[in-house]
Amino acid sequence: MDPAEPRAPADYDLAIGDGSMRLKLAEARLTLSDEGIRYALDGRDGLRPFSQLRSVRIQAVQGGKSSPWEAMIELVFDRGNPLQVHSGSQWGANDAERDPVFIAFVEDLHRRIPLEDAARIRFLRGVPEGRHRVLQIALVIFLIVFGGAGGYILLKTAAGSIPVAEMLFPMLGLIGFGVWIWHSVEKSKPGTYRPDRLPTDLFPERD
């Protein structure tokens, strides 16, 4: 993380945002140097030094129940909007060709952060606590509402009111949706990580 000799700057082409609502993300060339990160967004560009970096958050991002998991890293600085770098396309969709670029960017970023800055920066994984509580509430609601529906279907099937063949499809759908919500809650669990031990379980997943 704190190189003995200066490293040459490295460029990474990825989709970025600043946390604001956008129809699509911006395409940007991110340049990492030993001083910080340089990029252009909304007509503004310049170097944002590691000395002003306050926190780094890595989280898994999923666009839908059948979509592979993507990833996002958010850099929060003392001043200005955060920088959010995504592994997917401008539209947030899967883009397998960007995955190795995103992973290389994340690894290079952590290698370049000086030790004295790494000691004060917060390295976070998962979503913020508030968002995770919302996901947990959604899981509880699912268990109450759809669990009751599943139990009703099973009772009707046992009583002979619903044929077994007609019961299988809705039950499999309920189970699949429940597993997806549970996996989302687990995958997004808040926590911290060490900058020399990246949370690779949050990196982009392929089908």
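Figure 1. At a relative accessibility of 0%, Phe-105 is classed as buried (under 20% relative accessible area, with exposed over 50% and partly exposed in between; 1.4 Å probe, protein chains only). The model is predicted: local features require pLDDT of at least 70 and side-chain atom pairs pLDDT 80 or more, whereas totals for chains, interfaces and linings use all residues. Residues are numbered from 1 along each chain as its sequence is written, and side-chain values use heavy atoms, without hydrogens and water. The structure contains two aromatic pairs (rings of Phe, Tyr and Trp, the last by its six-membered ring, with centres within 6.5 Å; planes under 30 degrees apart are stacked, over 60 edge-to-face, the rest tilted). Phe-105 and Tyr-12 form an edge-to-face pair, with 5.6 Å from centre to centre and 70° between the planes. This pair links distant parts of the chain, Tyr-12 being in strand β1 (residues 10-17) and Phe-105 in helix α1, 93 residues apart. Helices (H or I, at least four residues) and strands (E, at least two) are DSSP runs numbered from the N terminus. Tyr-12 is buried, at 11% relative accessible area.

**Figure 2. The pair of Phe-123 and Tyr-193.** The ring centres of Phe-123 and Tyr-193 are 5.6 Å apart and the planes stand at 65°, so this pair is edge-to-face. Phe-123 belongs to strand β8 (residues 122-125) and Tyr-193 to the segment after β9 (191-192), so the contact ties together parts 70 residues apart in sequence. Both Phe-123 and Tyr-193 are buried.

Figure 3. Helix α1 (residues 99-112) has 14 residues and reaches 20 Å from its first C-alpha to its last, close to the 20 Å expected at 1.5 Å a residue (1.5 Å times one less than the number of residues). Its buried residues include Phe-102, Val-106 and Leu-109. Arg-112 forms a salt bridge with Asp-108, the closest N and O atoms lying 3.0 Å apart (a side-chain nitrogen of Lys or Arg within 4 Å of a carboxyl oxygen of Asp or Glu). Arg-112 and Asp-108 are four residues apart in α1, which means a separation of about one helical turn. Arg-112 is buried at 3% relative accessible area, as is Asp-108 at 4%. A network of salt bridges links Asp-34, Asp-108, Arg-111 and Arg-112.

Figure 4. The whole structure holds 13 salt bridges. One of them joins the side chains of Asp-117 and Arg-120 at 3.2 Å, N to O. Asp-117 is buried, with 11% relative accessible area, whereas Arg-120 is partly exposed at 38%. The side chains of Asp-201 and Arg-125 meet in a salt bridge at 2.7 Å, N to O. Asp-201 lies in the segment after β9 and Arg-125 in strand β8, so the pair ties together parts 76 residues apart in sequence.

**Figure 5. The largest pocket.** The volume of the largest pocket is about 470 Å³. A pocket is an open set of points on a 1 Å grid over the protein atoms alone, where a 1.4 Å probe fits, with protein on both sides within 12 Å along at least five of seven lines; lining residues have an atom within 4 Å of a point. Its volume is the space filled by probe spheres set on the points, which are joined across faces, edges and corners. Of the 19 lining residues, Gln-59, Ala-60, Val-61, Val-127 and Arg-131 lie nearest the centre. Strand β5 supplies the largest share of this lining, four residues.
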